[in-house]
Amino acid sequence: MMDTWENEARAALLQRRSSLRGLLRETLAEAEGLRNKRAADPVDESVEARAEAVLERLSEREQRELKDIDDALVRIAQGHFGHCARCGGAIGRHRLRAIPEARHCMACSEELRR
């Protein structure tokens with residue numbers, strides 16, 4: 001049975017995943033609209049190409065975040081949630097409440113940034 005804080009984390013992860021999926025759908029629709037507009041009016045091609053590049057980068061970042069969220073949901077289901085993937089130690093609840101998809105404790109996270 002899950003602890004209350006795991007239930008809170010799961011609910012936050014599911015809500016963020018839903019929001020990201022909606023944003024991804026909107027981003028992809030907007031990019032498709034840019035492609036269609038560019039085909040109809042090649043004059044603004046450079047501006048539209050830059051906008052499309054930005055949309056693709058946002059989409060990649062959001063897709064990576066979705067994967068992190070899905071991975072965290074798997075860790076909850078398997079009973080591994082709250083344990084650092086690097087050292088195996090506990091990830092503080094304050095960190096998990098702020099970043100429920102966190103894979104690493106603060107110490108390991110700092111080490112990995114260097």
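**Notebook: cavity, core and salt bridges**

I looked up the lining of the largest cavity by class, and it has four nonpolar, three polar and two charged residues. (Ala, Val, Leu, Ile, Met, Phe, Trp, Tyr, Cys and Pro count as nonpolar, Asp, Glu, Lys and Arg as charged, and the others, Gly among them, as polar.)

The model is predicted: local features need pLDDT of at least 70 and side-chain atom pairs count only at pLDDT 80 or more, while totals for chains, interfaces and linings use all residues. Residues are numbered from 1 along each chain as its sequence is written, and side-chain values use heavy atoms, with hydrogens and water left out.

**Entry: the cavity**

I searched the whole structure and found one cavity of 30 Å³ or more. (A cavity is a set of points on a 1 Å grid over the protein atoms alone where a 1.4 Å probe fits but cannot get out; lining residues have an atom within 4 Å of a point.) The largest cavity holds about 40 Å³ of space, a volume being the space filled by probe spheres set on the points. I listed its lining as Arg75, His80, Phe81, Gly82, His83, Ala85, Ile91, Ala102 and Arg103.

**Entry: overall layout**

I counted four helices and zero strands, and from the N terminus on the elements run α-α-α-α. (Helices are DSSP runs of H or I with at least four residues, strands are runs of E with at least two, and both are numbered from the N terminus.) Of the 114 residues, 30% are buried. (Buried means under 20% relative accessible area, exposed over 50%, partly exposed in between, with a 1.4 Å probe and protein chains only.) Among contacts with a separation of 6 or more, 55% join residues 24 or more positions apart; contact means heavy atoms within 4.5 Å.

**Entry: the core and Phe81**

I noted 17 residues in the largest nonpolar core, and Leu13, Phe81 and Leu96 have the most contacts inside it. (Such a core is a set of buried Ala, Val, Leu, Ile, Met, Phe, Trp, Tyr and Cys residues joined through side-chain atoms within 4.5 Å.) Helix H1 (4-40) and helix H2 (45-78) each give two or more residues to this core. Beyond its neighbours within four places in sequence, I found Phe81 in contact with Trp5, Glu6, Ala9, Ala72, Arg75, Ile76, Leu96 and Pro100.

**Entry: salt bridges**

I counted eight salt bridges. (A salt bridge is a side-chain nitrogen of Lys or Arg within 4 Å of a carboxyl oxygen of Asp or Glu.) Glu8 and Arg97 form one of them, at 3.3 Å from N to O. Glu8 is in helix H1 and Arg97 in helix H3 (residues 93-98), so this pair links distant parts of the chain, 89 residues apart. Glu8 is partly exposed at 41% relative accessible area, and Arg97 is exposed at 53%.

I then turned to Asp71. Lys67 pairs with Asp71 at 3.0 Å between the closest N and O atoms; the two are four residues apart in helix H2, about one helical turn. Arg103 meets Asp71 as well, at 2.5 Å from N to O. Arg103 lies in the loop between H3 and helix H4 (106-113) and Asp71 in helix H2, so this pair ties together parts 32 residues apart in sequence. Arg103 is partly exposed, with a relative accessible area of 30%. Salt bridges with shared partners join Lys67, Asp68, Asp71 and Arg103 into one network.

**Entry: Glu65**

I placed Glu65 in helix H2. Outside four places in sequence, Glu65 is in contact with Arg16, Leu20 and Glu101.

Terms used
1 Å grid on protein atoms, 1.4 Å probe; cavity = no way out; pocket = protein on both sides within 12 Å on 5 of 7 lines; lining within 4 Å.
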